[in-house]
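These entries record what I looked up on the nonpolar cores and the charged pairs. I began with the charged pairs.

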Amino acid sequence: MGDWTWRSMEERDLVQVVALADRLFPDHPEDAAHFGERLALGARLCLALSDAHAGVAGYAIAYPWPLGRVPPLNRSLAPVPSAQGAAYLHDLGIEPALAGAGQAGAGLALLIGRMREAGLHDLALVAVNGTVRFWERHGFRSCAPGDATARTLASYGGEARYMIRTL
């Protein structure tokens, strides 16, 4: 079913990444320009799961970002605040046909390795679509947001949870 490998995301991957994100997260649409901005900001922290013949079947978008702040959906991140040793995992998406094959864990392991190389020590995310238990199995814990963060978190949906993993 393919020779899937996680690698650094490239700008040429964005068409397939955006299409996959639109299918996986229809309640959280984002314009292609914002994916490009996040790729430029995250560089080595943005990953693509690809096969030479089938293209992109998964992705991770992460970038330096301060703890306790939830980035807005479908908006520019500018001006980018100082990350202070942390990163934010904006999206991790895998084609449903590859679910359960360990690819999400493999991508997360590569991301964490690259974060350590970059001197980053905390990874935050917003769990949506009932994924809190998945993230807990990968070492994340739910954290109560402050008032300003809670307002942004609400835009992710009623079940959204802010989570952090210290590396």
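Predicted model: local features only at pLDDT ≥ 70, side-chain atom pairs only at ≥ 80, totals over all residues.

Entry 1. I then checked the partner of R38: E37 forms a salt bridge with R38, with 3.3 Å between the closest N and O atoms. E37 is partly exposed, at a relative accessible area of 22%. I also recorded that E30 belongs to a network of salt bridges with E37 and R38.

**Entry 2. E117 and R44.** I turned next to the pair E117 and R44, a salt bridge whose closest N and O atoms are 3.1 Å apart. Which parts does the pair tie together? E117 lies in helix α3 (residues 103-117), while R44 sits in the loop between α2 and β2 (47-51), so the bridge ties together parts that are 73 residues apart in sequence. For E117 I noted a relative accessible area of 62%, which means exposed. R44 counts as partly exposed at 43% relative accessibility.

**Entry 3. E10 and R12.** I looked up the salt bridge between E10 and R12 and found 2.5 Å between the closest N and O atoms. E10 has a relative accessible area of 33% and is partly exposed. R12 counts as exposed, with 61% relative accessibility. For the tally, I recorded a count of 6 salt bridges in the model.

**Entry 4. The largest nonpolar core.** I then moved to the nonpolar residues. How many residues does the largest nonpolar core hold? I recorded 28, and the members that touch the most others are M9, F35, Y59, Y88, V126 and Y156. The elements giving two or more residues to this core are the helices α1 (14-24) and α2 (32-42) together with the strands β3 (55-64), β5 (122-127) and β7 (161-166). I noted that α1 supplies the largest share of this core, namely 5 residues.

**Entry 5. Contacts of Y156.** I listed the contacts of Y156, leaving aside its neighbours within four places in sequence. Y156 is in contact with H28 and H90, with V70, P71, P72 and L73, and with Y88, V126 and V128.

**Entry 6. A second core.** Finally, I recorded a second, separate core of 26 residues. Among its members are L89, I112, L120 and V132.

Conventions:
Residues numbered from 1 in each chain as written. Heavy atoms only, no water. Core = buried A, V, L, I, M, F, W, Y, C linked by side-chain atoms within 4.5 Å. Buried < 20%, exposed > 50% of the residue type's maximum accessible area, 1.4 Å probe, protein only. Helix = DSSP H or I, 4+ residues; strand = E, 2+ residues; numbered from the N terminus. Contact = heavy atoms within 4.5 Å. Salt bridge = Lys/Arg side-chain N within 4 Å of Asp/Glu carboxyl O.
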